[in-house]
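The tour goes stop by stop, with something to select at each one.

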Amino acid sequence: MSASAAPVSASNRRLGISLPGANSIIWIYVLVGLIAAMHLSMLLGRSINWDEFWFYSQVEQVARGEFIQPLQTIHTRFFAWWLPDLAGNEIDHIIIARLFMLACLAVTVTGIFLTAEKFSDKRKALIAVAAYLGTGFVLQHGTSFRVDPIVTACLTSGFAIAARTRLSSASIMALGALIGLAAMVTIKMILWAPAFAGIALWRWEEERYGWRYPVRWMAAGMVALAMFALLYLLHGAGMGLDTANNSASRTLSRSAQSMFSLADAKGMARVVRGVLSGLPFFGLAAIVPIAVLKSDRTLAQKVALIAMWLPVLTPLFYRNAFPYFYAFILPSVAIITVFAIPILLRRFGNAIVVGVIGGCALMVWIVDARSITERQHTLVDAVHKIFPEPVSYFDCCGMIAGFDKANDFRSKWGIRNYLASGRPKMLETMRKQPVPLMLDNKREYSLAITEVSPAKFHPQDYAALRETYVKFWGDVYVAGRQLEPGSKEAWEVLVPGNYTVHGEMVVDDRPLANGSLIELERGVVVLANPGNRQAKLVWGEYLEMPQAPTPEFYWTVF
């Protein structure tokens with residue numbers, strides 16, 4: 001019996017079954033398949049993150065013919081052709097879009113496998129793929145609806161082309177096109193620069209430092225510039241070149257100012273969580289520099305491999321290294337784990353290595369929250385029930401993508417830029433257009449209204465929100481005003497339109513009974529409540545109250 005053959009039990013002999021040996025490569029294929037199934041489960045069941053809603057709101061904007069910034073939004077063109085027209089609500093559409101991200105992830109792991117196989121063999125390359133797919137943050141966010149899976153597929157494909165070809169004319173065109181497209185998808189693709197420099201140096205040594213090889217890379221760079229310029233012009237054409245250039249300039253300027261800083265306490269906590277959730281991968285990554293430096297490889301090869309390893313340090317100084325970032329930055333590191341994998345295989349054997357990778361991935365999959373999506377559905381469905389036709393609204397992240405989001409994306413970066421502008425942007429918007437809906441899906445607005453945490457708003461915006469909106473259902477606020485019994489006050493109408501009276505109310509000396517409708521223009525009106533119960537004015541004509549219980553929490557912790 002060979003060393004890799006497994007003992008066959010009596011029952012298995014009777015059934016004619018013979019399990020593969022512990023060291024069989026089949027177990028690695030099984031591991032990759034199981035982790036792929038976990039990714040599919042995450043794709044279908046994991047709650048939508050706030051920036052997934054934001055990315056989908058951009059798709060809806062483009063589908064409506066609105067023009068957005070030219071950088072980092074090229075993906076919207078593809079999805080805008082078909083995704084908004086499908087049945088279902090915003091959450092259903094994002095889950096469908098995640099299937100495309102799964103395809104991107106498949107391209108990424110194919111690129112990892114092909115490049116890793118060049119440095120080793122099929123077994124080690126498959127283990128590298130499994131280690132990457134089973135890393136906690138990759139498992140949770142590898143198929144999220146963001147630009148990250150798209151740009152990662154482009155860059156990893158380009159990496160495989162650079163590693164496995166001599167850069168013929170066709171390869172130069174493909175490599176350049178992929179890099180140019182990646183730059184349009186997101187400017188953070190620049191963080192892959194050390195890895196590409198490493199593979200270029202490695203291949204240049206293999207080409208015996210011939211002068212033609214660097215020229216091929218320069219040609220690929222020219223193709224990348226041409227591809228970027230072409231996509232930029234086509235994508236930004238509708239908004240006018242000057243407007244597009246100004247928008248791109250602002251994006252680049254803000255990114256340059258805030259992209260890099262040493263990780264603070266929260267950032268380090270995320271790094272620690274990332275490492276703990278992907279111990280097999282990061283254990284391999286930690287061994288790589290030791291294995292490389294102790295090897296008998298040439299100095300150029302050692303420098304090249306360390307360059308490919310350097311992206312693993314990016315979360316220490318890249319400000320936006322949130323968990324979804326790891327799926328983007330780790331592929332080149334995954335590739336060179338093949339230099340550490342032999343050490344573990346010799347020490348522990350195939351079965352233990354496969355079991356540890358699979359076991360850690362399974363633990364992340366088991367404990368990950370997948371029940372919050374139902375609450376998000378409840379909230380989104382409630383908004384569509386209250387407002388069957390689209391209206392303008394304020395929220396954190398564009399959760400109701402089919403409606404017109406009337407304020408900026410309220411990420412940490414977005415809030416910082418909003419406050420730095422020194423302008424009451426929300427009040428300015430309310431003076432230009434009716435904004436009848438305020439969706440408090442991150443509880444920022446209610447905290448401001450109750451004066452617990454108004455610091456994230458310009459004082460005039462804070463005052464306008466507090467005076468303009470009333471709670472309607474759960475975290476859905478509608479333009480209106482609530483009066484206590486016997487009270488009287490002047491109220492500035494910032495959201496014109498028809499209002500429904502709930503209770504008894506007098507508006508500018510005009511008595512209105514419960515259920516009355518009144519049309520209000522912009523300006524100040526005098527309201528009075530002559531009754532002995534609370535009274536409300538609520539924007540809209542008899543808005544329907546959802547019967548579903550109001551959810552309490554809508555987000556999975558990063």
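**Stop 1: alanine 128.** Select alanine 128, which lies in helix 6. This is a predicted model. Is alanine 128 buried or exposed? Its relative accessible area is 0%, so alanine 128 is buried. Now show what touches alanine 128. Beyond its neighbours within four places in sequence, the contacts are Ala334, Thr337, Val338 and Ile341.

**Stop 2: the whole protein.** Zoom out. The secondary structure comprises 24 helices and twelve strands. A box of roughly 95 × 65 × 40 Å along the principal axes holds the C-alpha atoms. The protein has 558 residues, and 55% of them count as buried. Take the contacts with a separation of 6 or more: 75% of them join residues 24 or more positions apart. The accessible area is about 24,500 Å², and carbon and sulfur atoms hold 63% of it.

**Stop 3: helix 2.** Select residues 26-45, which form helix 2. How far apart are its end C-alpha atoms? They are 29 Å apart; 20 residues at 1.5 Å a residue should span 28 Å, so the two values agree. Colour the buried residues next: Ile28, Leu31, Val32, Ile35, Met38, His39, Met42, Leu43 and Gly45. Then show what they pack against: helix 5, helix 6 (122-133), helix 7 (136-141), helix 19 (350-367) and helix 20 (372-386).

**Stop 4: helix 10.** Move to residues 193-206, the 14 residues of helix 10. From first C-alpha to last, helix 10 reaches 20 Å, close to the 20 Å expected. Its buried residues are Ala195, Phe196, Gly198, Ile199, Ala200, Trp202, Arg203 and Glu205. Their cover includes helix 5, helix 8 (148-164), helix 9 (169-185), helix 11 (212-236), helix 15 and helix 17 (331-336). Step past the end of helix 10 to arginine 208, where phi is positive, near 60°.

**Stop 5: the largest nonpolar core.** This core has 177 residues. Select Tyr132, Leu330, Phe394, Tyr469, Tyr499 and Leu537, the residues with the most contacts inside it. Which helix gives the most to this core? Helix 5 (residues 90-119) does, with twelve residues. Centre on tyrosine 469.

**Stop 6: a nonpolar patch.** Phe260, Leu262, Met268, Leu310, Leu313, Leu316 and Phe317 make a nonpolar patch of about 620 Å². Pick out leucine 310, in the loop between helix 15 (299-309) and helix 16 (325-329). Leucine 310 counts as partly exposed because its relative accessibility, 37%, falls between the 20% and 50% cut-offs.

**Stop 7: two loop residues with positive phi.** Start with arginine 443, in the loop between strand 3 (437-439) and helix 23 (444-449). Its phi is near 60°, a positive value in a residue other than glycine. Arginine 443 is partly exposed, at 28% relative accessibility. End at aspartate 509, in the loop between strand 8 (505-507) and strand 9 (510-512). Aspartate 509 is not a glycine, yet its phi is positive, about 70°. Buried or exposed? Aspartate 509 has a relative accessible area of 69%, so it is exposed.

Notes
Residues numbered from 1 in each chain as written. Predicted model: local features only at pLDDT ≥ 70, side-chain atom pairs only at ≥ 80, totals over all residues. Heavy atoms only, no water. Core = buried A, V, L, I, M, F, W, Y, C linked by side-chain atoms within 4.5 Å. Buried < 20%, exposed > 50% of the residue type's maximum accessible area, 1.4 Å probe, protein only. Helix = DSSP H or I, 4+ residues; strand = E, 2+ residues; numbered from the N terminus. Patch = residues over 30% accessible without salt bridge, like charges linked within 9 Å, V, L, I, M, F, W, Y side chains within 5 Å. Areas by Shrake-Rupley, 256 points an atom, 1.4 Å probe, with all protein chains shown as cover. Salt bridge = Lys/Arg side-chain N within 4 Å of Asp/Glu carboxyl O. Expected span 1.5 Å × (residues − 1). Contact = heavy atoms within 4.5 Å.
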